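Let's take a walk through a protein model together. Keep the picture open beside you and follow along as we go.

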Amino acid sequence: MTITKGDPAHPPSPVARAATERATPPPTRRSHVPNEGSAEAAAVERARKGMLHEGRELKRTRIGADVLCEALLRQGVEVIFSYPGGVILPLYDVLGDYPELRHVLVRHEQGGAHAADGYARVTGRVGVCMGTSGPGATNLVTGIGTALLDSVPMVAITGNVPSALIGKDAFQEIDINGITLPMTKHNYLVRDADDLPRVVAEAFHIARTGRPGPVHIDITKDALQQETRAEHPTDAEIVAGLPGFRPNLDGHGRQLKLAAAEIAAARRPVILAGHGVLHAEAWDDLRAFAEKTQIPVAWTLLGIGVIDETHPLAYGYMGMHGWKHVNRAIQSADLLIAIGMRFDDRVTGNVRTYAPYARIVHVDIDPAEIGKNVAVEVPIVGDAGRVLRALTPLVDPVDPATRADYFAQLTEWKADSVASSWHGSGAWRDGLLSADYVIERIGELTEHEATYVADVGQNQMWLARYAGFRHPNTHVSSGGLGTMGFSVPAAMGAALGRPDRETWAITGDGGFQMTFQELMTLVADHIPVKIALLDNKKLGMIRQWQEIIYAGNYHSANLPGPDFAKLADAFGIPAFRARTPGEVDDAIRAAQAVDGPALIWFEIAEEQNVFPMMPAGKGLSDLIEKWGGAEE
Amino acid sequence: MPAHSAPPPRALPGGGETRRHVLVAVVLNKPGVLNRVASLMRARNFNIDSLAVSHTDSDDVSRMTITLHGDDVAVEQAAKQLYRLIDVLKVQDVTSEPTIQQELALVKIRATDSNRSEVLKLVELSRGRVVDLADGSVIVEVTGTESEIDAFVALVRTYGIKELVRTGAVVMARGSGSIEEAIKR
């Protein structure tokens with residue numbers, strides 16, 4: 001047997017490929033590959049082309065693991081986030097034969113799943129993560145759940161024990177198929193290598209079609225090892241093989257007319273734009289629709305980026321920690337046009353008092369979302385982009401002068417709300433560093449052109465409110481599942497997906513301490529993530545709830561952390577520190593100047609809260625804006 | 001802000017009157033599909049009253065009859081959630097349609113020498129069928145709607161029921177229309 005193995009220590013990357021194809025790469029492009037432009041990188045490129053266009057000759061038999069790699073390449077996969085283990089070793093035995101598949105060795109499978117998630121969110125493509133059976137698989141579960149709740153296209157692959165051992169409680173055997181069943185869009189158990197081409201193709205099709213979501217493929221070890229001649233299916237064969245999966249993409253004509261009539265009659269309409277607009281890549285359609293109808297746009301947490309925040313019709317971020325002016329507009333609206341969002345409880349608060357004067361037009365690609373949380377007047381099932389493109393010609397252009405009173409009130413509310421919740425000086429009480437200021441400076445100094453990846457809690461809300469988003473898919477946040485520890489690993493994937501942009505992980509000290517093992521992956525794979533660690537030495541959102549809702553009964557809210565500068569240093573990551581407003585800009589610039597990952601340790605005020613805040617169970621009109629007599 | 005006083009509270013989906021619903025689901029006959037349906041109903045907080053499954057005239061397609069209690073909106077939501085399953089081809093709420101509903105029950109009734117003839121007479125009047133006679137008991141097979149079987153069971157309870165098994169309702173819409181021919185394409 002003569003097999004030339006690729007060198008997995010020097011994998012090719014999308015950057016290397018793009019760099020060889022473009023004569024003059026833009027100055028902001030960064031490489032994750034130390035040997036970009038080398039003869040080796042060129043050889044890899046030739047190999048890739050040979051693989052994709054001329055087929056390839058294996059000088060050994062073709063086994064299930066080969067089929068899996070072929071199928072991934074056919075789906076355009078360029079990077080997989082994975083961790084080896086006993087039963088998935090047959091795959092690792094052949095991975096070296098597929099140097100076009102960049103393998104990122106994560107330090108924990110959860111990090112791999114979040115990285116695949118972050119990659120998917122910034123590229124709109126399917127992210128891929130892998131792990132072995134048993135604990136490898138269960139470690140992926142949090143990341144799969146995160147992707148499900150946020151409708152992120154992902155394919156998670158796990159090895160399983162040989163089929164003859166399934167059900168025998170073999171070493172590292174767990175019923176992962178049973179575990180992922182309720183938290184995936186679909187899942188598979190493959191026991192026969194002949195099924196692999198079809199299953200992988202179906203999994204990608206399902207993950208990215210209609211409402212996106214994660215699909216899990218569990219493959220037994222013997223299926224990975226089995227010889228096979230199975231051929232890959234065509235796109236038509238894949239669709240024909242899934243008679244139960246025919247998402248409805250076009251809105252019903254009659255419903256579109258009803259929606260147009262509602263819009264024509266409305267005097268105080270508001271658009272509520274969500275993640276579905278980003279999935280449909282319909283930001284231009286949304287803007288055209290909003291401009292023609294002169295309707296202000298509010299967005300959900302995952303809808304951030306649907307419209308440039310400096311656009312005159314961009315009104316703001318809604319919900320529990322959203323802007324007061326946005327929630328006021330919703331509460332006084334006579335029509336809500338909800339597009340690709342699902343009226344989550346963090347958006348509506350108490351449904352009984354939600355938008356009491358408003359009729360609702362609800363556009364969503366998933367019929368099950370319509371009427372689930374709120375009753376609506378005009379349901380439209382369809383892809384956000386297709387519906388907007390069909391609806392816009394049906395509505396009459398609106399002269400902004402006819403909305404003068406409405407706009408004047410909106411402007412007044414906005415000025416009032418922004419003035420009351422902003423620490424432009426950088427200092428909170430006693431001159432302590434204010435988190436909103438830090439976020440605002442990161443947004444400014446990156447010229448709002450970076451990818452910003454939130455963790456969960458106060459840091460997530462500060463980022464959503466103060467960074468200032470200009471572009472779609474530049475904001476990544478675990479909205480539905482609210483997964484702490486998401487930021488650093490998801491930023492890792494986001495940086496690989498969009499190497500042309502700076503990538504910032506915004507995290508608190510709590511979430512950071514959950515997954516910081518991935519710092520080593522950042523170093524080993526030269527992934528230039530900038531980490532903004534907002535350290536208040538607390539579980540800030542827990543502390544905030546305990547202060548306001550649990551009468552100051554602080555339990556487990558204090559969170560001692562390590563010396564984060566020494567920690568970063570131990571990984572070989574340059575660390576910078578800022579404790580006062582005056583140190584913020586220098587620290588950000590210093591981190592930007594590092595060629596590779598860097599960490600900034602912002603020691604922020606320990607007791608700053610995120611305001612306004614809608615207490616759970618209350619309505620959007622019951623916002624708390626200050627506490628303890630002090631303006632926050 | 002509109003000048004008039006506070007509007008009435010917004011209606012919540014699923015707050016209506018509860019009644020018995022019958023869903024028919026046509027699904028691909030694949031391993032685990034029953035588990036997917038059952039898991040979904042559990043996860044979405046729907047309580048299944050009965051569930052009957054078998055394959056149809058086509059071996060690769062199965063048919064489920066699911067009965068559950070809930071208000072119309074909640075059951076519609078259950079049907080939409082079922083529709084999200086990749087292996088589900090068609091879901092129909094046939095509650096308000098003219099249908100044939102049949103359920104089969106086997107009832108093992110205590111029957112002594114002194115009352116056996118009385119039991120058998122009752123079974124005959126109820127259009128039940130004796131399928132096993134033993135010392136001290138009879139097994140009776142009855143078919144009918146859920147309420148007909150409820151009535152029979154209530155009737156023979158006085159003699160003592162040693163065992164009871166019911167299949168759950170199977171349902172078919174009257175007329176020439178066919179849910180299986182209408183599966184989503």
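Where is the place of A:E281 in chain A? A:E281 sits in the loop between helix 12 (275-279) and helix 13 (283-293) of chain A. Helices here are DSSP runs of H or I with at least four residues, strands are DSSP runs of E with at least two, and both are numbered from the N terminus. Phi of A:E281 is near 50°, a positive value in a residue other than glycine.

Before we go on, some ground rules. This is a predicted model, where local features need pLDDT of at least 70 and side-chain atom pairs count only at pLDDT 80 or more, while totals for chains, interfaces and linings use all residues. Residues are numbered from 1 along each chain as its sequence is written, chains are lettered from A and ligands numbered from 1 in the order in which they are written, and side-chain values use heavy atoms, leaving out hydrogens and water.

Chain A averages a pLDDT of 92, and 92% of the residues score at least 70. Over residues 1-12 of chain A, though, the pLDDT is below 50. Beyond near neighbours in sequence, that stretch has 21 contacts in the model, a contact being heavy atoms within 4.5 Å. Where pLDDT is low, the predicted coordinates should not be read in detail.

Now for the overall layout. Chain A is divided into domain 1 (1-55), domain 2 (61-240), domain 3 (253-415) and domain 4 (421-617), with bounds that come from an automatic or database domain assignment. The C-alpha centres of domain 2 and domain 3 of chain A lie 37 Å apart. Their contact takes 9 residues from domain 2 of chain A and 7 residues from domain 3 of chain A. Chain B is divided into domain 1 (19-96) and domain 2 (100-170), and 29 Å separate the C-alpha centres of these two. Here 7 residues from domain 1 of chain B meet 6 residues from domain 2 of chain B.

Next, let's look at helix packing. Two packed helices are described by the angle between their axes and the distance between the axes. Axes are lines fitted to C-alpha atoms, for helices over the stretch in contact, and angles run from 0 to 180 degrees between N-to-C directions. Find helix 5 (residues 109-123) and helix 6 (residues 135-149) of chain A: their axes come within 7 Å and cross at roughly 30°. The two helices are therefore roughly parallel to each other; angles under 35 degrees count as roughly parallel, over 145 as roughly antiparallel, 65 to 115 as roughly perpendicular and the rest as oblique. Residues making the contact include A:H114 and A:D117 of helix 5 of chain A, and A:N139 and A:L140 of helix 6 of chain A.

Phi of A:H526 is near 55°, a positive value in a residue other than glycine. The peptide bond from A:F611 to A:P612 is cis, with omega near 0°.

Notes. pLDDT is the predictor's confidence in each residue, from 0 to 100.
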